[in-house]
Amino acid sequence: MHPHSRALLCIYTMWGILGPGSQGQFPLTHNVTVVKGGTANLTCRVDQNDNTSLQWANPAQQTLYFDDKKALRDNRIEMLRASWHELSISISDVSLSDEGQYTCSLFTMPVKTSTAFLTVLGVPELPQISGFKSPLLEGDMIQLTCKTNGSKPAAELRWFKNDQEIRDVHYYKEGDINGKTFSVSSTVDYRGDRRDDGAVVSCRVDHESLNSTPQIAMEVLEIHYKPSVNILPSTPVPQEGQTLTLTCESKGKPRPEPVLWTKDGGDLPDSDRMTVSGRELTISFLNKTDNGTYRCEAENMLGRSNAEYVLIVHDPNALAGQTGPDHALIGGIVAVVVFVTLCSIILLGRYLARHKGTYLTNEAKGAEDAPDADTAIINAEGSQVNAEEKKEYFI
């Protein structure tokens, strides 16, 4: 401490001992948190004070201010307010070494003190992503590492792919050389996927010193993959005389260009009706000779893929007939009905014929022993009479 400061301290201490007593209150202080490089304001208040001196001291117990007298030569320390009821000072450009417990003393008899702890936050540096590779081939694996230094307390690192957080990560923390701040890092394993082409992978640093504005490092994924092919016809049911366009939809990166068209395993027929423009194959005035299997093939540096389309040219008249009533079905139903009716008639006829024969046979029994026809008739009539008589007898 400066000799002049010691002298002031002794004088004011003796004055405080011999001078008027205070009301017995302790000075009031509060803890302060500040970001490294910022300004810390330390305030000490006494509600009732009988002209007793106030003093601020740093963690090393060096006097900073004794009332309105500056005791420590530090241009960063200034007085904000000095009165019998308050002593407020500020410390600008705060460093990590300024952190600690500061003491406000009220020079009564005995001296009464109150402490305020100054917490200095270490601001994490802008994160850096390492291990990134662009372009990345589909299926290849890379390990991405995000790292930031200088945080106090240790910062939190989070990974995102677009707006979706990546959970399967590994987090590491270690102290810096100065022993007061931390270096933190996080790693994530990623396998190239064509669906992620153009996605943004980001590493975000969250820390209380950033005031809800996180620091972010990001990379844009570029995934290279072999083509996928699909053929889209201009009409679902090609008909004779129409024009058909087959579009070869190929997706790949690098993009395959151009595409190759073939028919039935060979080149396309040499015909003015068949033209290729970019990815489109157009066949005009369709006819049955165009029937066959058409193949579209696409290739890039990573591989080759193809798709096939089987063309069947339909007769428009046949298609029109198919849209009306099904006459063949109706004719079949009528034939079944007629067949069933005829069978019923035949069975009925056979049944009637069988019962008629039985009747005639019974009539002929009376004529078996008759010498002539007249006698047979008489005998038959007699049989009927006798039958009636028998019926009457039994009744």
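Biologist: Hi! Which residue stands opposite isoleucine 129?
Modeller: In this predicted model, isoleucine 129 faces cysteine 146, which is part of β12.

Biologist: And which strands are being joined there, and by how many bridges?
Modeller: Strand β10 (residues 128–130) and strand β12 (residues 141–151) are joined by 3 bridges, and the two run antiparallel. β12 also pairs with strand β16 (residues 182–191), again in the antiparallel sense, over 9 bridges. In that pairing, threonine 148 has valine 184 of β16 opposite.

Biologist: Back to cysteine 146. What does a disulfide join it to?
Modeller: Cysteine 203 is the partner, with 1.9 Å from S to S. The two cysteines link distant parts of the chain, as cysteine 146 is in strand β12 and cysteine 203 is in strand β17 (residues 200–206), 57 residues apart. The link is left-handed, with -80° about the S-S bond.

Biologist: Are those two cysteines buried or exposed?
Modeller: Both cysteine 146 and cysteine 203 are buried.

Biologist: How many disulfides does a search of the whole structure find?
Modeller: The search finds 3 disulfides. One of them joins cysteine 44 to cysteine 104, with an S to S distance of 1.8 Å. Cysteine 44 lies in strand β2 and cysteine 104 in strand β8, so this pair ties together parts that are 60 residues apart in sequence. Cysteine 44 is buried at 0% relative accessible area, and cysteine 104 also counts as buried, at 0%.

Biologist: What about cysteine 248, which residue does a disulfide join it to?
Modeller: That one goes to cysteine 296, with S to S at 1.7 Å. The torsion about the S-S bond is about -70°, so the disulfide of cysteine 248 and cysteine 296 is left-handed. Counting bonded cysteines along the chain, the disulfides follow the pattern 1-2, 3-4, 5-6.

Biologist: Switching topic: which residues touch the most other members of the largest nonpolar core?
Modeller: They are Leu42, Leu54, Trp56, Ile89, Tyr102 and Leu118, in a core of 22 residues. Elements giving two or more residues to this core include β2 (40–45), β7 (86–91) and β9 (112–121). There is also a second, separate core of 19 residues, with Leu144, Ala155, Val188 and Leu221 among them.

Biologist: What is isoleucine 89 in contact with, leaving aside its neighbours within four places in sequence?
Modeller: Its contacts include Leu42, Trp56, Leu64, Ile77 and Met79.

Biologist: What order do the strands have in the open sheet of 6 strands?
Modeller: The order is β1-β9-β8-β3-β4-β5, with mixed pairing. β1 and β5 (69–70) are at the edges with a single partner strand each, so one side of each is left without a neighbour in the sheet. Within the sheet, β3 and β4 pair in the antiparallel sense over 3 bridges, and alanine 57 stands opposite threonine 63 of β4.

Biologist: How many aromatic pairs does a search of the whole structure find?
Modeller: It finds 1 aromatic pair. The ring centres of phenylalanine 66 and phenylalanine 107 are 5.2 Å apart and the planes are at 50°, so the pair is tilted. Phenylalanine 66 belongs to strand β4 and phenylalanine 107 to the loop between β8 and β9, so the pair ties together parts that are 41 residues apart in sequence. Both phenylalanine 66 and phenylalanine 107 are buried.

Biologist: Last one: where does the charged end of lysine 112 sit?
Modeller: It sits over the ring of phenylalanine 26, 5.5 Å from the ring's centre. Lysine 173 lies over the face of phenylalanine 182, at 5.5 Å from the ring centre.

Note on methods
Residues numbered from 1 in each chain as written. Predicted model: local features only at pLDDT ≥ 70, side-chain atom pairs only at ≥ 80, totals over all residues. Heavy atoms only, no water. Core = buried A, V, L, I, M, F, W, Y, C linked by side-chain atoms within 4.5 Å. Buried < 20%, exposed > 50% of the residue type's maximum accessible area, 1.4 Å probe, protein only. Helix = DSSP H or I, 4+ residues; strand = E, 2+ residues; numbered from the N terminus. Contact = heavy atoms within 4.5 Å. Pairing = 2+ DSSP bridges. Phe/Tyr/Trp six-rings, centres within 6.5 Å; stacked < 30°, edge-to-face > 60°. Lys NZ or Arg CZ within 6 Å of the ring centre and 35° of its normal. Disulfide = S-S within 2.5 Å.
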